[in-house]
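Subject: Structure handover

Hello,

Here is the structure I promised to pass on. Please open it first, then read my notes below.

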Amino acid sequence: MVTAKAWVLKKHFEGFPKTSDFDLKTIELPNLKDGGKRKLLLESVFLSVDPYMRPYSRRDMKEGDIMIGTQVARTVESKNPAFTVGTFVVARSGWRTHFISDGKDLQLLPSSWPESLPKSLALGAVGMPGLTAYFGLLEVCKMKPGETVLVNAAAGAVGSVVGQLAKIGGCKVVGCAGSDAKVAYLKKIGFDEAFNYKTVTSLDEALRKASPDGYDCFFDNVGGKFASIAINHMKKYGRIAVCGAISQYNDSVPQQGPYMQVPMIFKELQMEGFIVTRWNNRREEGLKALLKWVVEGKVKCHEQVTEGFENMPMAFIGMLKGENLGKAIVKV
Ligand SMILES: NC(=O)C1=CN([C@@H]2O[C@H](COP(=O)(O)OP(=O)(O)OC[C@H]3O[C@@H](n4cnc5c(N)ncnc54)[C@H](OP(=O)(O)O)[C@@H]3O)[C@@H](O)[C@H]2O)C=CC1
Ligand SMILES: CCCCCCC/C=C/C=O
């Protein structure tokens, strides 16, 4: 018998999440059984903390539920020959140290995963955030060589891949992030222009200076005020991929306009929200491309690793506050 630890949502978040909104529980897991669903015992090795957990907790969870989330896990015991002991998988089993599965809900890492590559990247650049960048740029922004791409939250899990994929695709890339260290990182990984949106005197001026001719594509991770200013810098027929709205996730009272219809009409813009799971049928294609670029060194990855399962709420809250450079990960 194994005792798992799990973080539950004790109280729905009101405004910014607090550590007191979470509770750490222990759960006795039953032994595996021949036949039936208890075929695999897995232990989480790396867990992901992501912005979507904030809005999805309100939509999909009730108080007392285990926090939603994904992990890279190792097979510890197996009665399913498709997953031998030691096999690593990506699972969606929430914030828990151990869990039982029949294997149907598990994803193997791509078969060409090099032994030397950290498996935690399967939660970042070679996982859901990387796929978000890939499909958002190709299918929603429809970026073309020679175009100018703007991305915010640019030093994060999605944004850092967006910028690097746009460079691979022959675009000029402008990134905005919330600290000077993040801006220095963006320049290091090849962004053409980058600035700290928290310290510029005018966001409007900073966007104009970074690309006086405007932007063909805007990959929006932030929404709110940033987006309402950036829209005025779009070129005619520009495309806006509405990926996230992290500046609004913790609002108790919805933000008011300005509203976007007028610039959308005059510039004949396309603005499309999307969720990465729309392209689940092309997951393999996306992961294969991302893995290749990472292995070739064309996409660089930084991870903000928090040690210790007990620190999951802190890592989650830290990520929402912008403390992460690259993908926020918890190592059990
Ligand atoms: N549509 C989809 O399918 C998906 C959407 N997303 C969305 O993409 C966005 C980025 O996610 P991800 O890369 O995982 O997270 P990040 O790794 O970018 O971490 C979140 C970052 O958001 C920034 N941020 C936080 N609060 C604010 C704020 N009020 N204003 C501006 N920036 C803020 C911080 O960076 P900084 O220091 O720069 O402020 C922080 O580091 C999120 O909005 C997320 O919801 C993610 C995955 C899939
Ligand atoms: C692998 C889990 C699927 C999560 C889908 C995330 C969609 C994100 C939306 C906003 O952040």
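Let's start with a pair of helices. Helix α2 covers residues 128-141, and helix α3 covers residues 157-168. Their axes come within 8 Å and cross at roughly 45 degrees. An angle of 65 to 115 degrees would count as roughly perpendicular, and one under 35 degrees as roughly parallel. The helices α2 and α3 are therefore oblique to each other. Their crossing is right-handed. Keep in mind that this is a predicted model.

Which residues in α2 and α3 meet? On the α2 side they are P129, G130, T132, A133, Y134 and L137. On the α3 side they are A157, V158, V161, V162, L165 and A166. Sorted by class, the contact of α2 with α3 has ten nonpolar residues, two polar ones and no charged ones.

Helix α2 has another partner, helix α8, which spans residues 283-295. The axes of α2 and α8 come within 10 Å and cross at roughly 105 degrees. That angle makes α2 roughly perpendicular to α8. From α2, the contact uses G130, L131, Y134 and F135. From α8, it uses R283, E285, G286, L287, A289, L290 and W293. The contact of α2 with α8 divides into seven nonpolar, two polar and two charged residues.

Look at G130 and Y134 again. Both are listed in the contact with α3, and both are listed in the contact with α8.

Now for a pocket. The second largest pocket has a volume of about 280 Å³. How many residues line the second largest pocket? The lining has 18 residues, and G223, G224, K225, Q248 and Q255 lie nearest the pocket's centre. Helix α6, residues 224-230, gives the largest share of this lining, with four residues. By class, the lining has seven nonpolar, eight polar and three charged residues.

Two backbone details are left. Go to G257 and P258 first: a cis peptide bond joins them, with omega of about 25 degrees. P258 sits in the loop between β12 (234-242) and α7 (261-267).

Then find K142. Its phi is positive, about 50 degrees, although K142 is not a glycine. Where is K142 found? It lies in the loop between α2 and β8 (148-151). That brings you back to α2, where these notes began.

Best wishes

Key
Residues are numbered from 1 along each chain as its sequence is written. Chains are lettered from A and ligands numbered from 1 in the order in which they are written. This is a predicted model: local features need pLDDT of at least 70, side-chain atom pairs count only at pLDDT 80 or more; totals for chains, interfaces and linings use all residues. Side-chain values use heavy atoms; hydrogens and water are left out. Axes are lines fitted to C-alpha atoms, for helices over the stretch in contact, and angles run from 0 to 180 degrees between N-to-C directions. Helices (H or I, at least four residues) and strands (E, at least two) are DSSP runs, numbered from the N terminus. Angles under 35 degrees count as roughly parallel, over 145 as roughly antiparallel, 65 to 115 as roughly perpendicular and the rest as oblique. A crossing is left-handed if the near helix is turned anticlockwise from the far one by less than a right angle, and right-handed if clockwise. Contact means heavy atoms within 4.5 Å. Ala, Val, Leu, Ile, Met, Phe, Trp, Tyr, Cys and Pro count as nonpolar, Asp, Glu, Lys and Arg as charged, and the others, Gly among them, as polar. On a 1 Å grid over the protein atoms alone, a cavity is a set of points where a 1.4 Å probe fits but cannot get out, and a pocket is an open set with protein on both sides within 12 Å along at least five of seven lines; lining residues have an atom within 4 Å of a point. Grid points are joined across faces, edges and corners, and a volume is the space filled by probe spheres set on the points.
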